[in-house]
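Q: Can you walk me through this one, and say each time how you know?

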Amino acid sequence: MIETATKKQFRVQHICAHVLLYVLLVAVAVAVLFPFYFMVESSFKTFGEALGEFTWWPHKFTFDSYAYIFGKNAFNINLLKSFLVTLLITVPPMVVGIFVSSMAAYTFAKREFDGKNVLFWILLFTMMLPGTIVMMPQYLIFADLNLVGTIIPLMLPGMFGSATCVFFMRQFISGLPSSLIDAAQLDGMNHFKIFLHIILPLSTPAVISQTVLWFLAGYNDYMGPLIYLQTTPIEWKPIQVALAYFASTQEGGAEDIPAIMAGAVVSVLPPLVLYAVFQKFFISGIAVSGLKG
């Protein structure tokens, strides 16, 4: 009888612990998702209703805010054009940078040369430096080259690769069998062909995970365009800078909350879609890169 009572008590405690855990998870999920819900429902409200008391759902459902951010507005900004500018600034450096970083990672992971470990530690040290330290010297260099006001300063540095990308790709490639490289060399392949036809295809999960991270970093970059594109016409501003203009005072000296929220909804969709499509590869690439050394 005592043993049965103990088992029942343990079972009750186990159930209560699970209930408390799920209640906590639901509370955290609500706290995280509520700002997104507020963003979406506010984007469908009228200007007057958005400035009034909070309501859980628009009394008058309207798409005027979306028409405003994609059509004629006070700032002459079209978010679709801003999105295309953002892609122009982000995608080419991402493609070239990941390719260059992967080649460097292959060299660090599978090739032996003098000073290899020293160079790798120097690379790791650069990851510890805050970006603000190199911001001013980099700006002065591009200013001397008369490139400020163009998109080149936003594209060129990334095309030389990323220390973080090299590190994660090196972790992944280190776990690939070296026998594949030896067999390819016996067949007469040089290291570039080995990298292009063997290492890169096998590193697809890591490449995709780095692609997602790189795209998010470039897509959400606000400081870079703000510094280098000050003289660029407003209609050619990247999406994050364009959204900041919508946050400026508008009608009656008050913020146009529905327009701001509509712009936020539109801007958050591409990263969500990208992550949803490549979620499986992204998680596996991060997990494997973090476990292998």
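A: The accessible surface of the chain comes to about 17400 Å², with 71% of that belonging to carbon and sulfur atoms; areas here are Shrake-Rupley values with a 1.4 Å probe, and for residues only the protein chains shown count as cover. Keep in mind that this is a predicted model, where local features need pLDDT of at least 70, side-chain atom pairs count only at pLDDT 80 or more, and totals for chains, interfaces and linings use all residues. Residues are numbered from 1 along each chain as its sequence is written, and side-chain values use heavy atoms, with hydrogens and water left out.

Q: What makes up the secondary structure of the chain?
A: The chain has 14 helices and zero strands, counted as DSSP runs numbered from the N terminus (helices are H or I, at least four residues; strands are E, at least two).

Q: How do you know that the span of helix 6 agrees with what it should be?
A: Helix 6 covers residues 131-144, which is 14 residues. Asparagine 146, with a positive phi near 60°, follows helix 6.

Q: Why is proline 238 called buried?
A: Buried means under 20% relative accessible area, exposed over 50%, and partly exposed in between. Proline 238 has 4%, so it counts as buried. It's found in the loop between helix 12 (223-228) and helix 13 (239-246).

Q: What is proline 238 in contact with, leaving aside its neighbours within four places in sequence?
A: Taking contact as heavy atoms within 4.5 Å, the list is Ser82, Val85, Thr86, Ile89, Pro225 and Leu229. Serine 82 is 156 residues away from proline 238 in sequence, yet the two are 4.8 Å apart in space, C-alpha to C-alpha.

Q: Why is the pair glutamate 112 and lysine 116 called a salt bridge?
A: The term asks for a side-chain nitrogen of Lys or Arg within 4 Å of a carboxyl oxygen of Asp or Glu. Here N to O is 3.4 Å, so the pair qualifies. Glutamate 112, at 69% relative accessibility, counts as exposed, whereas lysine 116, at 11%, is buried.

Q: How many salt bridges does the structure hold?
A: Two. One of them joins lysine 45 and glutamate 41 at 3.3 Å, N to O, and both of those residues are buried.

Conventions:
Expected span 1.5 Å × (residues − 1). Buried < 20%, exposed > 50% of the residue type's maximum accessible area, 1.4 Å probe, protein only.
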